[in-house]
Amino acid sequence: MVEVSWIEGVLALTVQFGTVYLLASLGEIYAERSGILNLGMEGMMIVGAAIAFIFTNALGHVMSLLMVVLVGALMGLLLAFLVVTLRLNQVVVGLAITLFGYGLSGLLTQQAIRARIMRALNPDLPESAIVTQQAEALRALKVPYLSEIPVIGPVLFSQNALVYFALVAAVVMWFVLFRTSVGLAIRSVGENPSMADSLGINVFRTRYATSVVVGIMGCLAGAYLFIGYQPFWVEMMTNGRGFIALALVILASWSPLRAVFGALLFGGVEVLQFRLQLFGFAAQSPQFVLMLPYIVAIVTLSALSIESVRKRLGVPEALGKPYYRE
Amino acid sequence: MDVALRLPIKVERRLEVPASVSATMTVTFLLLALLFSASIMQLLGIDAVSVLVQVLSVFTTWELLTAAVLRSVPIGLAAVGLTVSFRSNFWNIGAEGQMFMGMFASTGVVLLHAYYGLIPGWALLPTMAIASFVAGGLYCSLAGLLRSKLGVNEVLTTLMMNFIAVLFVDYLVYGPWRDPKGYGFPLSIPFPKEARFGGVMGEAYEGLAILAAVAVIVYFLMTRTTFGVDVKVVGENPYIAGMAGIRMTRTYFLVNMVTGGLAGLAGFFLLSGIIGRLRPRASPGYGYTAIIIAFLAGLHPLLALPAAVFMGGLIVAGDVLQATLNLPFAAVQLLQSTIFVMIVVAEFVKRYRIVWRW
């Protein structure tokens with residue numbers, strides 16, 4: 001007999017878990033729509049998580065999130081400088097940023113270094129706040145009345161601020177991408193940069209802007225993973241989730257709204273994996289469940305190679321190619 | 001009224017990069033990478049000078065250098081394969097996954113020997129080598145096939161396939177391939193002596209000999225055979241390759257077999273030469289390190305050898321830093337990533353030169 005509260009619990013967790021993927025993939029969609037394949041997502045996320053860890057304990061949630069946004073923007077600028085201005089190979093730069101992120105986050109959170117940074121930020125900090133691997137999680141904000149509705153209430157309207165932010169961002173970013181001239185500019189830059197250039201769209205500035213967006217969203221995704229979902233610091237805690245977000249972007253075929261469903265699907269897979277294990281089901285080989293996102297991504301990619309599907313869903317043609325203005 | 005600011009310099013594109021310029025640039029940017037990482041560490045309050053001294057000590061201490069050579073074998077084997085793949089403009093970033101398929105195949109051979117007695121002991125090493133080569137190669141060909149037949153971007157498929165392979169090996173060692181006498185740890189049975197390196201002159205130098213032989217073979221393949229010419233033409237201009245009658249699907253299949261096969265061989269050496277049994281996450285990202293090496297070597301199979309020893313040294317330096325300065329492995333990751341970026345920046349800068357005009 002499965003109880004309603006169990007389903008509520010699983011669904012609420014699915015939304016919470018899916019938010020990690022949603023934040024990351026929303027940013028990635030903007031970058032890829034403008035022609036930048038950002039393999040550095042994983043690195044951006046882990047840096048975001050590390051910043052959130054250090055700053056939340058030193059200065060609290062608000063300052064921490066502001067710092068995450070600032071660092072995210074800087075990482076985006078770094079990405080843009082390397083692939084847009086210097087036109088370096090995007091695969092190389094992306095992998096390097098991921099490696100850089102692992103390195104930077106590992107150093108920043110090393111006991112002694114972390115202590116030095118935190119004391120500089122806040123001299124009155126007690127020793128316990130410096131030594132701990134944990135931080136205070138973001139509190140759930142219940143939406144009045146709506147959170148009273150059975151099932152939907154606890155699942156959708158009793159979450160923390162970043163979950164609401166991600167859901168609103170999905171709608172806003174979809175609107176901007178498909179219903180405004182800014183979005184048209186982004187998409188045309190990713191589709192045919194020289195054509196866009198001749199129409200007076202600044203290819204470089206557009207790609208710089210989307211890089212900053214992916215930097216901020218990537219770092220926010222990592223920050224959310226830490227203070228919104230699992231406020232216990234573990235080195236490399238993103239554990240490849242940045243790459244799952246890349247798979248998700250393919251599944252969502254570069255649409256922010258479809259990304260919401262994809263994020264719930266991938267989040268659900270991960271939650272169910274834990275839950276089913278408790279039931280002894282699939283306990284023998286959870287690996288095959290964990291493979292699903294990657295297999296789904298490869299199958300989707302193959303399906304997208306069919307011309308008619310490609311045209312309808314709009315795969316960015318110039319993805320991964322640097323732009324040379326002749 | 002036209003008072004434009006005129007700088008007395010002009011940046012020109014080079015038509016050809018002389019070898020001396022190329023080497024100078026690579027070394028300059030390597031030093032820049034060291035400087036950049038050192039300044040980040042200094043900013044974080046780490047004594048960067050002692051970090052660099054420790055890193056250097058790896059290359060001046062015999063035992064540490066031997067350890068570096070040992071580590072350089074798997075990453076070097078995979079990197080030699082990648083030079084072929086990148087030259088053909090096939091962006092295989094799946095060396096990591098192909099290594100895991102190689103580990104899967106070589107462990108499979110060991111189990112056939114241990115449980116069913118199917119393969120005699122003296123034939124173990126060669127059989128494992130062939131099996132791992134084929135497994136890695138076929139795994140890479142899967143992505144190659146998707147690209148040749150359907151035009152699917154190989155960067156994304158090979159990347160995704162890495163995680164699938166890692167999870168597949170996880171499944172085996174947590175499940176059917178777990179050592180029944182291993183106290184429940186997720187490990188395969190230990191490889192028997194016949195399936196291990198080290199019998200002749202120590203793992204490190206046997207490995208180095210294999211790596212050198214492979215690098216020379218690939219070098220000849222690339223410079224002395226039609227296959228090598230095909231690879232370069234296909235990589236530089238697929239349109240002309242089509243005109244010249246090069247069979248693309250076939251060429252890419254061979255490229256995939258070589259690059260994936262060598263990565264598979266790398267996985268085989270990682271188990272037989274270093275670890276001695278299959279365990280989950282046996283490679284901590286060596287397939288990605290191999291990409292850095294391929295670039296550091298300028299996609300030249302012979303230069304991949306010193307580049308691999310250098311990166312192997314950095315990996316060993318990570319352990320040294322942990323022991324002496326209590327620094328996490330992250331310090332080495334930071335160093336690797338800046339080296340990676342600086343090499344490609346050097347590639348970019350090489351193509352231009354500054355001309356003075358008065």
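In the predicted model, the contact between the two chains takes 38 residues from chain B and 36 residues from chain A. On the side of chain B that touches chain A, four helices each supply at least two residues: H5 (124–150), H6 (154–174), H11 (286–296) and H13 (330–350). By class, this side of chain B comprises 29 nonpolar residues, 8 polar residues and 1 charged residue.

The secondary structure of chain A consists of 15 helices and 2 strands. Its C-alpha trace spans about 60 × 55 × 45 Å along the principal axes. The radius of gyration of chain A is 20 Å, which agrees with the value near 20 Å that a compact globule of 326 residues would have. Of these 326 residues, 50% count as buried. Among contacts in chain A with a separation of 6 or more, 79% are accounted for by residues 24 or more positions apart.

Within chain A, the packing of helix H2 (residues 41–59) against helix H4 (residues 90–108) was examined. Two packed helices are described by the angle between their axes and the distance between the axes. The axes of H2(A) and H4(A) come within 7 Å and cross at roughly 15°. Because angles under 35 degrees count as roughly parallel, H2(A) is roughly parallel to H4(A). The crossing in which H2(A) passes H4(A) is left-handed. H2(A) contributes Glu42(A), Gly43(A), Met44(A), Ile46(A), Val47(A), Ala49(A), Ala50(A) and Ile54(A) to this contact. These meet Ile97(A), Thr98(A), Leu99(A), Phe100(A), Gly101(A), Tyr102(A), Leu104(A), Ser105(A) and Leu108(A) in H4(A).

Chain B contains 13 helices and 2 strands. Its radius of gyration is 22 Å, close to the 21 Å given by the globule rule for 358 residues, so chain B is as compact as a globular protein of that length. Along its principal axes, the C-alpha trace of chain B spans about 90 × 60 × 35 Å. Buried residues account for 49% of the 358 residues in chain B. Of the contacts in chain B with a separation of 6 or more, 79% are between residues 24 or more positions apart.

Technical notes: Residues numbered from 1 in each chain as written. Chains lettered and ligands numbered in written order. Predicted model: local features only at pLDDT ≥ 70, side-chain atom pairs only at ≥ 80, totals over all residues. Contact = placed C-beta atoms within 7 Å. Nonpolar A, V, L, I, M, F, W, Y, C, P; charged D, E, K, R; others polar. Axes fitted to C-alpha atoms, helices over the stretch in contact; angles between N-to-C directions. Parallel < 35°, antiparallel > 145°, perpendicular 65-115°, else oblique. Left-handed = near helix turned anticlockwise from the far one by under 90°. Rg over C-alpha atoms; globule rule 2.2 N^0.38 Å. Buried ≥ 20, exposed ≤ 12 C-beta atoms within 10 Å, placed from the backbone.
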